[in-house]
Amino acid sequence: MIKKIVLSVILASSGLSAVSAEDTPAPLGIVAPQNLPAGTEAAPVQVAKAVLTIGYLHLADDARYDDKLMPKQFLGAPFGRPYPAAEVALKEIKFHGEAAGVSFALEQISGKDSADLIKQVDDSQAKGIKFFVVDLPAKTLVEVAQAFKGKDLLFFNISAKDDALRQAQCQANIFHTIPNVAMQADGLVQYLIAHKWRNALILQGPLPEDQLLVEAFNRAAKRYGLKISDTRPFVLGSDPREREKNNIALLTGGDYDVVYIADTEGEFSRNANYQTLLPRPVVGSEGLNALAWNWAWERHGAPQVEKRFEKQANRHMSDVDWAAWMTVRSLGAAVQQTQSSDFTKIRDYLLAPTTNLDGAKGNPSSFRPWDHQLRQPLLLSTHNWVIDRAPLQGFLHQINNLDTLGFDQPDSQCKF
Amino acid sequence: MKNLIKLAILASLPIAYSPLAQAKGTGYVFVSSENDNIVTVLDGKNFTKVKDIKTAKRPRHLQFNPDKTMLYAACGDGESIDIIDIAKLEVVDQIKDIDDPEAFDLSPDNKSLYISLEDEGGLGIIDLATKKMTKTIEVGQEPEGVLANPDGKTVYVTSEVANMVHVIDPTANEPTANIVVGTRPRRLALTPDGKELWVTSELDASVSIIDVATNKVKEKISFTPEGFRKEDITPVGLVMTKDGKTAFVTIGRANRVAVVDVAGRKVETYILVGNRAWNAALNKDESLLFVANGLSDDVSIIDVPARKVLKSVPVGRVPYMVTVDD
């Protein structure tokens, strides 16, 4: 059941809409009307207040949220659809629009494919929606954003971690709240280097996505001086003829300090701990990884965020949830700080180096102007604890230490 | 030797045997430790440990009643406010069933306790006679610092998420004003003349100064200790001297206390203390400043005139708040 947050009545000319009853949830089972004809007047007894509606795009059918897959709880994988996190943030920014004279609303838009989503975004933009939380795989995200090139719309990527979206495929109207895999690899390698674990053995899965993880890890290894002792492909299965590739003990001969596993699917890596030939830690897709969020983080107000989320969703919060929450939070902060709901002012605020977005992870965040990636600390996580926080102590940057994670300005291939 | 003479004098004074035994001033220093569920009692002279008082889980804010016979301790995971009898040094009563209590203040008439309800996004008003919550007023999410204006008419509460100080008339049902300050506002202090409200902003490395008459931010003091980036400067605790001339602001991750010249609006010096300096308290004659260091499990004791740490004393795990009975 989709929960409508606000009944919005549209003012045709402005980018904002007016409401007759703010923050009134529709009775259970009734979806509030959204497409009232333009010019419909707000009820006269109520004070009309402008509403800034944030769109929320997702696929009706998304393999990443397969309900047979999610209960397996692979490290860093989603525990559910992230929409409740956006709802939590919406409540948090209740007071943020006061000076700008706006309140906030969310509108879910579910589509079957890119074409369907593009059509619906087109309808939404006609109603004045300019900001979209986007929970889509990379390919769909690129197609949707491409269709609105040059328009005053912003798409906030909360789940596609692909490095290419920040490099060659970057688009000016996409902001990335979710960290990309290069950021995660940098955070993890910083940790290995800080602990003087200088030699890593890489086990690589057969998927193209696994290849991307290995590329990111190699890049981080080069950046921070980690040696790669060997890279060995693995396959799933128990065929004795393929034992050199499917048996973890046979895959982990030689000498190394740590085993890095690139396994997007997670089936292989979850069996790797305690099975390596040498007693060495397993990191990457299992064991320890640098994540956007961990429900166990105890500092920076994180337990309060986690608690509010758990009340809303009845489950722990994961990376994509954090990104959805952070996006709505950031939009609220931009409206509060600029005291405005103007598109350009909000966009400029999010990109300013002095911007101070609070992600409940410590260091203030802001979006990198060169590729629109949100710079942020990462949590070096096991399944139920945070071992450390990246950037690790001693990893310094001339301007902002958060830019030791991911693509710094000189590394950027993004041209908007 | 000096102490012995003092003791002798005290013993000879009839007032020391007053049956009321009010506000005699044990000289003890009380420190709450979040992860050990204790309030540590230190001797005010030699700073040795007198006792660990067991409390409910995760004690944080500590505050005395006006005559200092009782100490209230907000216990976050215990969902209670424990009441410690200073004469007995033990918990004698509890205000129960409060969701995650952290910071609070007492009304000037000592009839009500105002508490920030972090999970609910509200300011709760507890009637101290019945120990029941009589009212909650909705504020921004994650309310934190609470300060009751001595005029009895206004309560200030910060919201870490809304980046605001809410100005609340406890008889009303919603804030009378919402003042936007620096990111993640934490703790509050009024100047002794009641004209300025100071508030620390953890993620903005600053203190915002609010003009009480107009509810507007009129100035901001930023902290810039040498060798630190802004993100490592996280102001939280805040105390002011009785003459209103000096403020001490703990700046968290920068492991220092900033000494601020209130009239001059400038930082006079930074004093190095333990890890993540969180809250601080002055003793009565303002010769000593005690600082709870959250991530080094100790309390730094500063000689105020010398602007120097005399000693650091280990307490429990993750010290949060410190207060002095003298």
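Predicted model: local features only at pLDDT ≥ 70, side-chain atom pairs only at ≥ 80, totals over all residues.
1. (Strands here are DSSP runs of E with at least two residues, helices are runs of H or I with at least four, and both are numbered from the N terminus; two strands pair if DSSP finds at least two bridges between them.

2. Residues are numbered from 1 along each chain as its sequence is written, and chains are lettered from A and ligands numbered from 1 in the order in which they are written.

3. Back in the sheet, strand 14 (residues 378-381) and strand 15 of chain A share four bridges in the antiparallel sense. Look for A:L380, which stands opposite A:D388 of strand 15.

4. Now find helix 8 of chain A, residues 302-313. Its 12 residues reach 16 Å from first C-alpha to last, close to the 16 Å expected at 1.5 Å a residue (the expected span is 1.5 Å times one less than the number of residues). Just after helix 8, A:N314 takes a positive phi of about 55 degrees.

5. Which residues of helix 8 of chain A are buried? They are A:A302, A:Q304, A:V305, A:E306, A:R308 and A:F309. (Buried means 20 or more other C-beta atoms within 10 Å of a residue's own, exposed means 12 or fewer, and partly exposed lies in between; C-beta atoms are placed from the backbone.) Their cover includes helix 1 (83-92) and helix 9 (319-338) of chain A.

6. Next, the contact between the chains: 16 residues come from chain A and 18 residues from chain B (contact means C-beta atoms, placed from the backbone, within 7 Å). On the chain A side, helix 1 and helix 8 are the elements that give two or more residues. Helix 8 of chain A gives the most, with three residues.

7. Finally, chain B has one helix and 28 strands. Of its 326 residues, 50% count as buried. The C-alpha atoms of chain B fill a box of roughly 55 × 50 × 35 Å along the principal axes.

Notes:
Contact = placed C-beta atoms within 7 Å.
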